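Me: I have a model open and want to go through it piece by piece. Can you take some quick questions?
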Amino acid sequence: MFKIFIIEDDKQLVRLLEDHLDKFDFDVKTVDNFETVGSQFEQYEPHLVLLDVNLPKYDGYYWCRQIRNLSTCPILFISAREGKMDQVMALENGGDDYITKPFDFEIVIAKINSHLRRAYGSYAASQNSRTITVGGLKLDVERMILTFNDENIELSHTEAKILDELMKKSERVVSRDRLLEKIWDDQAFVDDNTLNVYITRVRRKLATLHISNALQTIRGKGYRFISNWGHDE
Amino acid sequence: MKLFFREQMSLIFIYFLQLFLILLVYWLDGYRNMAVSGYAAILSICLLTGYLIYRYIRNKGFYQRLANPLTSIDGLANDSQGAGSPLAEGLQQLLKAQYSHYKKGLHTYKYRLEDHIQFINQWVHQMKTPVSVIHLMIQEEDEPKFKAIGDEVDRLKKGLEMVLYSARLETFDRDFYVETLHLESTVRSVTSSQKRLFIRKRIFPSILIDVHSTIVSDEKWLSFVLTQLITNAVRYTVKENRKVYFRGYKRGKNSILEIQDEGVGIPASDISRVFDPYFTGENGRNFQESTGMGLYLARQICEKLGHQIEIESKVDHGTTVRIIF
């Protein structure tokens, strides 16, 4: 299990990050005394550090330099300052990446995983490969493979994203807006019609695994994924 | 020269009056030798002329300075020529003192302004933490209530951004970095960052820009300008399933980015004033949350970056904004 050390003074933000990282099976430790960050780091020996710039006592750049004297672990800065100079400063002081507030969990997780992979080898990827299982239907989010009754089917990137979101919230309604937001890609913009097309495709893929009517349309609201196949088998 | 004569006029007048008076007194006394009187008068006038010429030469610089209009405030104290007479010297001293007081006052205000900008910067960055906390808290939720909170958070974010950028505008010269940018990817990253806005209003961007076209600009400031323009385009498009078109093309030597919406358009009576600060116009009254600052800031920033911005609109058909790089 990877150990992540969070150096951030906003309690709420720390709590949210902690909860979320916990879900992804990271061991998380946070700082409560900002005068002894260095010794707390030594004690905990984390694999990766999330570091804020504006801290009580000394700033993040200072602690980054201190940590660099002790370790070469990845250090990700999290800061409200989006200026180029701030980012340059962070990287010059020994940081590995820079995330600006407000940020999305996904970005933080993706960056953490990418840096862990780079720093500690590829076994990190296999360990963190995320799967969601609903009633025996397994979705491997990273490999984009859907498994049901030992049958595998490959998904496209967008299909995987849609299923990821629906299966995470199975039995609950997921709005169209949210799905659109999730599958919005830098390369191709999805409008309403495209989403319909993708939903049809997902249904077809589910059908090849002999799952039908699991993906329901809720008029005016969105979609719902229900594990209604249990008694069919 | 003119000024000199105007100033010496009274002296010359008094002098002639005096001369006339003296000659009159002698004449009334019975002294009637006009030749001697005339000789004395001419001699006296020669003396006066000599004096005037001497004065003129000595104070020539001083008068010239007074006659020439001041071009800048810095020229006031630096000029040391023309300090010939006590009067000129006194004036020079006065100006110098005045200038230093003025400079001091100016400096005080400058520092105060810088302090203020510093404060705003600090404050906005501090506010970003609570905003990101709310942002994270509602990220996993999908109920209408949380969506509404999300929209409000987006508005807060935009407001904070605007405060930050308008404060930074004052210190623009220290805060920009010009580089070659790919127009297409810059536009894409801005539209992606505004995806919630697009989706919420069911409006979608359509980017028709050559992948290889490049521009020279500052990414951060340009992104801010684009965000403002996109916000406007989306806000003033009422009907669903419309598009916002981003086109890139060349006009002569200049690259042009065109952002065209299919929204309500701007009335002809308002269009000349849309770049004025705090101007919201008819649309601003019909649509809430106009600040009147977006386009103003966009133009200010474009000017500083050396880009031109133009706007064209037809009511009920839409608005086209062009940035000329």
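Me: Which residues of helix α6 (residues 183-193) of chain B are buried?
Reply: This is a predicted model. In that helix, L183(B), V187(B), V190(B) and T191(B) are buried.

Me: How do the buried residues of α6(B) sit when seen down the axis?
Reply: They fall within an arc of 100 degrees, so they line one face of α6(B). An α-helix has 3.6 residues a turn, so residues three or four places apart point the same way.

Me: Staying with chain B, what domains is it divided into?
Reply: Domain 1 spans 2-101, domain 2 spans 108-172 and domain 3 spans 176-324.

Me: How far apart are the C-alpha centres of domain 1 and domain 2 of chain B?
Reply: Those centres lie 66 Å apart.

Me: Now F5(B). Where is its place, and does F5(B) count as buried or exposed?
Reply: F5(B) is in helix α1 (residues 2-28) of chain B. It counts as exposed because it has 12 C-beta neighbours inside 10 Å; the cut-off for exposed is 12 or fewer.

Me: Switching to chain A. What does its secondary structure come to?
Reply: Chain A has nine helices and 12 strands. Its C-alpha atoms fill a box of roughly 60 × 35 × 30 Å, taken along the principal axes.

Me: What share of chain A is made up of buried residues?
Reply: Buried residues make up 30% of its 233 residues.

Me: And which share of contacts in chain A joins residues at least 24 apart?
Reply: It is 52%, counted among contacts between residues at least 6 apart in sequence.

Me: At what angle do α7 and α9 of chain A pack?
Reply: Helix α7 (residues 157-168) and helix α9 (residues 192-208) of chain A pack at about 80 degrees, with their axes 10 Å apart. α7(A) and α9(A) are therefore roughly perpendicular to each other.

Me: Which residues make the contact of α7(A) with α9(A)?
Reply: From α7(A), T158(A), E159(A), I162(A) and L163(A). From α9(A), Y198(A), R201(A), V202(A) and K205(A). They divide into four nonpolar, one polar and three charged.

Me: What about E154(A): where is its place, and is it buried or exposed?
Reply: E154(A) is in strand β9 (residues 151-154) of chain A. It is exposed, with 11 other C-beta atoms within 10 Å.

Me: Which residues is E154(A) in contact with, leaving aside its neighbours within four places in sequence?
Reply: M144(A) and I145(A). The C-alpha atoms of E154(A) and M144(A) are separated by 6.2 Å, and the two residues are 10 apart along the chain.

Me: Last topic, the contact between the chains. How many residues does it take from chain A and chain B?
Reply: It takes 25 from chain A and 24 from chain B. On the chain A side, the elements giving two or more residues are α1 (11-23), β10 (173-175) and α8 (176-183).

Me: Which element gives the most to that side of chain A?
Reply: α8(A), with four residues. The side of chain A that touches chain B divides into 10 nonpolar, three polar and 12 charged residues.

How values were computed: Residues are numbered from 1 along each chain as its sequence is written. Chains are lettered from A and ligands numbered from 1 in the order in which they are written. This is a predicted model: local features need pLDDT of at least 70, side-chain atom pairs count only at pLDDT 80 or more; totals for chains, interfaces and linings use all residues. Axes are lines fitted to C-alpha atoms, for helices over the stretch in contact, and angles run from 0 to 180 degrees between N-to-C directions. Angles under 35 degrees count as roughly parallel, over 145 as roughly antiparallel, 65 to 115 as roughly perpendicular and the rest as oblique. Two residues are in contact if their C-beta atoms, placed from the backbone, lie within 7 Å. Ala, Val, Leu, Ile, Met, Phe, Trp, Tyr, Cys and Pro count as nonpolar, Asp, Glu, Lys and Arg as charged, and the others, Gly among them, as polar. A residue is buried if 20 or more other C-beta atoms lie within 10 Å of its own, exposed if 12 or fewer, and partly exposed in between; C-beta atoms are placed from the backbone. Domain bounds come from an automatic or database domain assignment. The arc is that of the directions from the helix axis to the C-beta atoms.
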